[in-house]
Amino acid sequence: MARALSNLLLKGITGSPAGGSNRMASASFIQRGMRYSTTVPNDPDTHDDFKPMDKFQDSATSLKDVVEQDVKENPVMIYMKGVPEFPQCGFSSLAVRVLKHYNVPLNARNILENAELKSAVKAFSHWPTFPQIFIKGEFIGGSDIVMNMHQSGELKEKLKDIATNQEKSA
């Protein structure tokens with residue numbers, strides 16, 4: 001009896017799903033033994049409160065407006081892969097390290113979280129790669145340009161008044 005129950009359980013785990021339908025979207029892949037999916041499972045048992053949602057989808061604000069507002073309101077804005085505390089690529093990491101050297105407030109958005117945001121930033125700057133750094137509303141470029149400006153002293157000059165204002169408000 002135990003063997004029959006064990007076989008039935010094993011068949012249920014490895015066999016076809018109940019009802020003959022696979023609820024996981026086909027856009028999935030396996031890397032290093034871990035299964036990743038680029039879409040949300042179509043599971044009717046999942047409550048809407050627990051499903052991922054696009055923060056901008058229900059908003060009247062377009063992504064173009066979000067990018068314009070970010071660049072306008074933040075003295076140093078970086079669109080990067082990951083976040084400053086945990087960059088997801090070497091170029092983003094380099095840009096963050098260089099900017100942190102000047103002790104300026106650093107505002108960032110993770111472009112990996114939203115493909116539409118990534119496209120909106122590219123369209124706004126007319127620049128194809130990331131990270132993208134904006135200082136005082138001006139598009140500067142990527143990590144290589146920021147590094148060159150740092151080495152030449154030009155970045156220190158550009159960030160001087162931002163660092164000074166930061167020290168006064170502290």
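This is a predicted model: local features need pLDDT of at least 70, side-chain atom pairs count only at pLDDT 80 or more; totals for chains, interfaces and linings use all residues.
Local features are given only where pLDDT is at least 70 and side-chain atom pairs only at pLDDT 80 or more, whereas totals for chains, interfaces and linings use all residues. Residues are numbered from 1 along each chain as its sequence is written, and side-chain values use heavy atoms, with hydrogens and water left out.

**View 1. Asn114 in the loop between strand 6 and helix 4.** The loop joins strand 6 (107-110) to helix 4 (115-125); helices (H or I, at least four residues) and strands (E, at least two) are DSSP runs, numbered from the N terminus. Asn114 has a relative accessible area of 9% and is therefore buried (buried means under 20% relative accessible area, exposed over 50% and partly exposed in between, with a 1.4 Å probe and protein chains only). The Asn114 side chain reaches the backbone nitrogen of Glu116 at 2.9 Å.

View 2. Ser92 is buried because its relative accessibility is 0%. With residues up to four places away in sequence not counted, Ser92 touches Met80, Lys81, Pro87 and Pro131; contact means heavy atoms within 4.5 Å.

**View 3. Glu138 in strand 8.** Strand 8 comprises residues 138-141. Glu138 has 40% relative accessibility, so Glu138 counts as partly exposed. Ile133 and Lys158 touch Glu138, not counting residues up to four places away in sequence. The side chains of Glu138 and Lys158 are joined by a polar contact of 3.0 Å (a pair of N or O atoms within 3.5 Å; within protein, one must be able to donate a hydrogen and the other to accept it, and residues adjacent in sequence count only if both atoms are side-chain atoms). Val71 is 67 residues from Glu138 in sequence, with a C-alpha to C-alpha distance of 7.8 Å.

**View 4. The crossing of helix 3 and helix 5.** The axes of helix 3 and helix 5 (residues 143-152) come within 9 Å and cross at roughly 30°; axes are lines fitted to C-alpha atoms, for helices over the stretch in contact, and angles run from 0 to 180 degrees between N-to-C directions. The two helices are therefore roughly parallel to each other (angles under 35 degrees count as roughly parallel, over 145 as roughly antiparallel, 65 to 115 as roughly perpendicular and the rest as oblique). Phe91, Leu94, Ala95, Val98 and Leu99 of helix 3 meet Ser143, Val146, Met147 and His150 of helix 5.
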